[in-house]
Amino acid sequence: MSYIETYPMKNSSIMWLYSERDTIQTAPDYQRNGGVWTLAKRQLLIDSILNDYDLPKIYLHELSSSSTEGFEYAIIDGRQRLETIWQFMNGDFSLANDFEMKRSRDIDLAGKCYSELATDFPRVRVKFDSFILPVIVVRTES
């Protein structure tokens, strides 16, 4: 009889997941294609993180230690979200030109890219990097 166990990932900050991205398989056989979100939708996700909005859970399959591909996890649900965050951090796109920090309207981040957050708004960058994503790990035999 097979089993399934789920538990919240203990360290699921954006920066930790970014640093571990090479151990996360983004395109297992069952996963849909990545890169389908429009720029506007990707910008809205980053907006949600910076404004501390609730995000849907991300599900990662914990792979067995016998995995020959070198991955520790495979994405079950959340590929678009993780890839969008990583693309923003890599400088592939910037915030929307109409972006607003809801709690600090005096901070103008409109059109800023990730690297500009570190130089111009280091506290915002730390807040982004340390944002905890709701990640659930799924452990199963198959």
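**Close-up views of a predicted chain**

**View 1. Thr-84 and the residues it touches.** Thr-84 touches Trp-37, Arg-42, Leu-45, Ile-46 and Phe-93, with residues up to four places away in sequence not counted. Contact here means heavy atoms within 4.5 Å. Thr-84 sits in helix H3, residues 79-89. Is Thr-84 buried or exposed? Thr-84 counts as buried because its relative accessibility is 2%. Buried means under 20% relative accessible area, exposed over 50%, and partly exposed in between (1.4 Å probe, protein chains only).

The model is predicted: local features need pLDDT of at least 70, side-chain atom pairs count only at pLDDT 80 or more, and totals for chains, interfaces and linings use all residues. Residues are numbered from 1 along each chain as its sequence is written, and side-chain values use heavy atoms, with hydrogens and water left out.

**View 2. The whole chain.** The chain holds five helices and five strands. Both are DSSP runs numbered from the N terminus: helices are H or I with at least four residues, strands are E with at least two. Along the sequence the pattern reads β-α-β-α-β-β-α-α-α-β. Along the principal axes, the C-alpha atoms fill a box of roughly 60 × 25 × 20 Å. Of the 142 residues in the chain, 42% are buried. Among contacts with a separation of 6 or more, 72% join residues 24 or more positions apart.

**View 3. Strand S4 and its partners.** Strand S4 covers residues 73-77 and pairs with strand S2, residues 24-25, in the parallel sense over two bridges. Two strands pair if DSSP finds at least two bridges between them. Gln-25 stands opposite Ala-74 in S4. How does strand S3 run relative to S4, parallel or antiparallel? S3, residues 58-62, runs antiparallel to S4, and four bridges join the two. Leu-60 has Ile-75 in S4 as its bridge partner.

**View 4. Glu-62 and its surroundings.** Glu-62 lies in strand S3. Which side chain makes a polar contact with the side chain of Glu-62? That of Tyr-7 does, at 2.8 Å. A polar contact is a pair of N or O atoms within 3.5 Å; within protein, one must be able to donate a hydrogen and the other to accept it, and residues adjacent in sequence count only if both atoms are side-chain atoms. With neighbours within four places in sequence left aside, Glu-62 is in contact with Tyr-7, Glu-72, Tyr-73, Val-137, Val-138 and Arg-139.
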